[in-house]
Amino acid sequence: MIIGHIINGQRTINDGTLLPLTDPATGKKHADIVMAGETEAQAAIAAAAAAWPAWQQTTPIKRAALLTRYASLIREHMDELASIISAQHGKTIDDAKGSIQRGLDVVDYAIGIPNLLTTDYSAQVATDIQAYSLRQAVGIVVGITPFNFPAMVPLWMFPLAIMCGNPFILKPSERDPLAAVRLAELFHEAGFPKGLLQVLQGDKWLVERLITDPAVAAVSAVGSTAVAKSIYQLASSHGKRVQTFGGAKNHAVVLADADMDYTADAIIGAAFGSAGQRCMAIAVVVTVGQKATDALLPRLIKAAKEIRIGEGTDPKTQMGPLVNQQAKERVLHYLTLAEKEGSTLHVDGRQSPVPHTGCFIAPSIVSVKSTASPIWHDEIFGPVLCHIQVADMDAALALIHEHAYGNGSAIFTEHGGMAQQFAAAVSTGMVGINVPVPVPPSYHSFGGWKQSMFGDLDMHGPEGLQFYTRRKTVTSRWKLPEALHNSFTMPTHL
Ligand code: NAD
């Protein structure tokens with residue numbers, strides 16, 4: 001099978017470079033992906049530009065009716081989409097379904113578009129003069145998405161962008177592109193016009209080609225920080241509206257009064273679910289005081305050793321493989337480094353048995369010797385949970401503050417005042433209180449701080465709506481004054 005593009009509603013395969021795709025669990029090649037070239041980029045942009053005028057004129061209620069049908073189709077194809085994700089990414093079927101559901105939540109939110117586009121109106125801003133605002137589409141939007149959520153992150157972007165009146169060109173990850181293609185096919189099955197949603201396969205060349213095209217108005221991208229930063233810089237230097245979301249290293253702070261059974265269970269799932277390949281994974285656990293460490297660490301160690309590792313398609317599996325060999329090598333590199341620098345490997349993923357095929361590596365738990373260590377600084381993006389003990393909550397807050405990333409954080413405690421203080425002071429964009437993966441619901445917005453996000457407006461929810469529209473304010477007068485006089489003074493509202 002060759003996985004190609006969806007251009008102007010058609011599956012398209014060109015004779016570009018082919019990249020092989022292998023199943024991360026078996027190591028077996030299952031498809032090739034073909035890279036788009038100049039012809040495909042031009043064709044997609046032309047189709048988007050052609051689709052835009054009529055779509056802008058389509059009433060929000062008609063747009064919502066189409067999206068309602070699309071939501072049903074995604075629900076009907078949930079099993080198929082989850083199998084595609086599991087086969088290309090490696091995550092378990094249930095995890096894949098959970099991620100599709102989180103994408104669907106944004107689809108459901110976007111169905112409310114007639115209401116969401118409601119704006120304000122002020123009567124009598126001056127005598128017989130009214131003012132009101134419009135939220136209008138921005139134009140062609142390009143979305144660039146990462147491998148770790150091949151359906152969810154695209155669904156966090158294009159349904160809302162399109163409901164706001166924009167055509168959308170999606171450039172999914174070249175590691176697991178099939179889910180995006182199926183989402184686009186279902187989109188057309190729902191009855192949407194051609195050219196509104198297109199999928200192009202490619203890498204750096206295609207991203208740069210699309211985001212610098214004069215016809216493109218806005219860019220939304222998710223990926224590692226280096227890529228997010230470079231896309232942000234390039235797109236903004238070309239005058240595009242742009243938001244990009246980067247890497248993460250999320251800390252969970254555990255106070256001694258936390259319910260330790262619940263906390264250990266929550267942290268294990270958040271650290272090792274999807275083999276740690278989530279931008280909201282818990283990557284560092286910070287225990288406050290020796291008592292918290294003594295209560296939590298043994299529970300984490302025991303639970304990590306009991307995790308069932310296997311193919312994502314096996315219902316008994318809790319943790320699947322990493323996405324590819326490179327990702328596994330990266331984890332091995334950090335574990336070797338941790339050992340060399342004298343950090344304590346309570347659980348060493350290199351030692352535990354895993355299936356011999358594919359890119360499996362078992363969970364690790366490492367008490368980090370010093371915060372100077374790359375194992376604390378860098379995003380590993382694998383099943384490695386770092387541990388650090390600090391003396392008090394201020395020290396925990398300082399640790400998070402010092403860190404370059406600021407996506408999410410969590411606190412585990414039964415003390416409401418401490419939790420409130422933590423939520424107010426912590427320098428991350430999303431905070432959980434006894435909630436390990438605080439991904440906001442679709443009607444709130446998602447975004448990190450510091451090196452985890454570049455731009456001003458978060459994804460989905462009210463800020464997503466702002467990102468995909470531009471405000472226009474109209475001042476009108478229908479009852480004209482009886483006496484005319486030239487006025488050379490600045491008009492006031494008095
Ligand atoms: P990646 O940076 O390798 O790739 C992301 C996307 O950018 C892909 O579509 C890829 O083809 C494209 N790309 C790669 N190199 C590029 C370049 N030099 N110029 C332009 N485009 C380029 O990321 P990944 O490995 O696919 O995904 C994992 C990363 O994404 C992790 O760092 C993770 O934390 C991050 N992520 C962040 C969020 C968030 O919301 N902050 C969500 C999911 C994933």
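Author: A polar contact is a pair of N or O atoms within 3.5 Å; within protein, one atom must be able to donate a hydrogen and the other to accept it, and residues adjacent in sequence count only if both atoms are side-chain atoms. The model here is predicted: local features need pLDDT of at least 70 and side-chain atom pairs count only at pLDDT 80 or more, while totals for chains, interfaces and linings use all residues. Residues are numbered from 1 along each chain as its sequence is written, and side-chain values use heavy atoms, with hydrogens and water left out.

Reader: Thanks! Let's start at the ligand: how far is a polar side-chain atom of serine 224 from an oxygen atom of the ligand?

Author: There are 27 residues around the ligand, each with a heavy atom within 4 Å of it. Ser224 belongs to the group that comes nearest, together with Thr145, Lys171, Glu174 and Glu379. From its polar side-chain atom to a ligand oxygen, the distance is 2.6 Å.

Reader: β5 has another neighbour in β4, I see. Which glycine in the hairpin of β4 and β5 takes a positive phi?

Author: Those two strands pair in the antiparallel sense over five bridges, and leucine 19 has isoleucine 33 as its partner in β5. Six residues stand between the strands of this hairpin. The one with phi near 75° is glycine 27.

Reader: What is the area of the nonpolar surface patch made by Ile2, Ile13 and Leu18?

Author: Patch residues have over 30% relative accessible area and no salt bridge; like charges are joined within 9 Å and nonpolar side chains (Val, Leu, Ile, Met, Phe, Trp, Tyr) within 5 Å. Isoleucine 13 contributes from the loop between β3 (10-12) and β4 (18-22). With Ile2 and Leu18, it makes a patch of about 250 Å².

Reader: Is glutamine 201 buried or exposed?

Author: This residue sits in the loop between β10 (197-199) and α8 (204-211), where a polar atom of its side chain is 3.0 Å from the backbone oxygen of glycine 4. Buried means under 20% relative accessible area, exposed over 50%, and partly exposed in between (1.4 Å probe, protein chains only). At 0% relative accessibility, glutamine 201 is buried.

Reader: What is the phi of glutamine 124?

Author: Most residues other than glycine have a negative phi. Asparagine 8, in the loop between β2 (5-7) and β3, has a positive value of about 50° and is partly exposed at 36%. Glutamine 124 lies in strand β6 (residues 121-126) and is exposed at 52%. Its phi is also positive, near 55°.

Reader: Now for charges: how far apart are the closest N and O atoms of arginine 471 and aspartate 120?

Author: A salt bridge is a side-chain nitrogen of Lys or Arg within 4 Å of a carboxyl oxygen of Asp or Glu, and the count comes to 18. Arginine 471 and aspartate 120 form one of them. Their closest N and O atoms are apart by 3.9 Å.

Reader: Where in the chain does aspartate 128, the salt-bridge partner of lysine 479, lie?

Author: Lysine 479 and aspartate 128 form a salt bridge, with the closest N and O atoms 3.9 Å apart. Lysine 479 is in the segment after β23, so the pair ties together parts 351 residues apart in sequence. Aspartate 128 lies in the loop between β6 and β7 (129-137).

Key: Accessible areas come from the Shrake-Rupley method with a 1.4 Å probe; for residues, only the protein chains shown count as cover. Helices (H or I, at least four residues) and strands (E, at least two) are DSSP runs, numbered from the N terminus. Two strands pair if DSSP finds at least two bridges between them.
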